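Colleague: I would like to go through this structure with you. Please give the rule behind each term as we go.

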Amino acid sequence: MNKKILVAPDSYKGSLTALEACEAISTGIKRALPDAEIVSLPMADGGEGTVQSLVDATEGTLHQLEVVGPLGIPVTVSYGILGDGRTAVIEMAEASGIGYVNEQTKNPLVTTTYGTGQLILACIEQGIEEIILGIGGSATNDGGAGMAQALGYQLLDSDGNEIPYGGGSLNQLASIQMSQVHPALKKVKLIVASDVNNPLCGPDGASNVFGPQKGATKEMIQTLDQNLAHYAEILKKDLAVDMIDTPGAGDAGGLGAGLLAFTQSEMHTEIEIVLEYAKFKEFAVGCDLCITGEGGIDFQTKFGKTPYGVAQAFKAVNPDKKVIALAGNVGTGIDELYTEGIDAVFGIAPGAATLDDLIVNAKDNLPLTTENVIRALY
């Protein structure tokens with residue numbers, strides 16, 4: 001009887017995209033089991049590569065748009081429309097991410113989420129009904145104020161003028177006007193991919209926890225935290241939403257709060273969203289084996305990384321079948337994964353080599369390791 005094998009890896013950063021990893025693993029399977037039925041599902045955990053993975057998994061399309069970057073400079077970004085034609089997928093890092101700033105330019109007092117709002121608006125204007133939004137990797141601390149401005153909300157100071165971009169200007173906010181908001185916004189559901197439960201303000205809030213990596217000094221952190229607290233007061237006054245202690249409101253420099261306040265948003269864990277929209281469990285039915293993996297696997301993998309999520313979902317459908325994980329680098333603590341649905345972890349490095357060589361040769365090492373695993377199993 002022919003074996004049916006589900007192939008569901010994340011990307012191997014610097015080496016292979018998730019789709020390329022699927023192809024490499026499938027090549028190895030076919031060498032050992034030419035008659036195997038292979039189901040390929042490129043995966044991601046909500047961070048970098050999520051757009052591409054979901055587009056690939058659903059036979060969707062990629063689109064490009066010029067938006068305002070975090071420093072106010074135009075940037076060209078990509079977003080995806082899934083194969084159903086009604087769901088879009090966005091990574092806020094594409095428009096407002098830390099990759100657009102450096103040691104000299106990073107400054108959360110001025111960086112803005114305006115471009116992320118422009119991406120959302122572009123999807124709305126195309127008739128999209130649901131938007132999956134990954135919010136990791138931000139360069140911002142503006143509470144989603146810039147995003148709201150792009151969607152048509154007017155964030156006004158006491159003189160009736162729009163406040164400037166950035167978390168440093170939120171103390172000027174006096175009122176929020178909604179007359180120019182896109183009328184279709186309230187009909188669009190946003191599925192926010194977030195594994196962060198930080199509140200908006202305080203010691204565990206956006207500014208104190210994430211501000212330093214975005215360039216915030218101690219003085220800036222205090223200012224930003226106070227400004228977000230003021231922002232929350234105006235949100236409560238004008239929109240009747242209380243964001244100050246809401247779990248997840250502090251994600252992405254407070255973008256979590258902005259999304260919950262200004263849009264029809266729901267927050268879910270990142271890998272769960274990818275698995276759901278890729279219809280993972282449907283594809284897993286009847287499979288004899290699952291092969292997953294990514295660049296590195298270690299004790300952190302069980303905290304929402306792709307191989308962990310894939311294993312959990314596969315075992316929910318096929319509790320007696322094996323899950324094999326293939327890693328570019330196998331770190332410490334992998335024994336903790338053996339009670340979490342992963343049955344075995346294999347490194348794909350064939351021997352001693354430099355990191356550069358391993359990255360370059362992953363396209364050959366991954367099929368070779370896969371072939372040997374399959375030969376051992378069958």
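Colleague: Which helix is the place of Ser96?

Modeller: Ser96 sits in helix H3, residues 92–96; a helix here is a DSSP run of H or I with at least four residues, numbered from the N terminus. This is a predicted model, where local features need pLDDT of at least 70, side-chain atom pairs count only at pLDDT 80 or more, and totals for chains, interfaces and linings use all residues. Residues are numbered from 1 along each chain as its sequence is written, and side-chain values use heavy atoms, with hydrogens and water left out.

Colleague: Why does Ser96 count as buried?

Modeller: Buried means under 20% relative accessible area (1.4 Å probe, protein chains only). Ser96 has 0% relative accessibility, so the label applies.

Colleague: What joins the side chains of Ser96 and Thr116?

Modeller: A polar contact of 2.7 Å. The term requires a pair of N or O atoms within 3.5 Å; within protein, one must be able to donate a hydrogen and the other to accept it, and residues adjacent in sequence count only if both atoms are side-chain atoms.

Colleague: How many residues of domain 1 are in contact with domain 2?

Modeller: Seven, and they meet four residues of domain 2; contact means heavy atoms within 4.5 Å. Domain 1 is 4–42 + 288–377 and domain 2 is 50–271, with bounds from an automatic or database domain assignment.

Colleague: How many residue pairs are in polar contact across that interface?

Modeller: Zero, with both residues required to be at pLDDT 80 or more.

Conventions. Helix = DSSP H or I, 4+ residues; strand = E, 2+ residues; numbered from the N terminus. Buried < 20%, exposed > 50% of the residue type's maximum accessible area, 1.4 Å probe, protein only.
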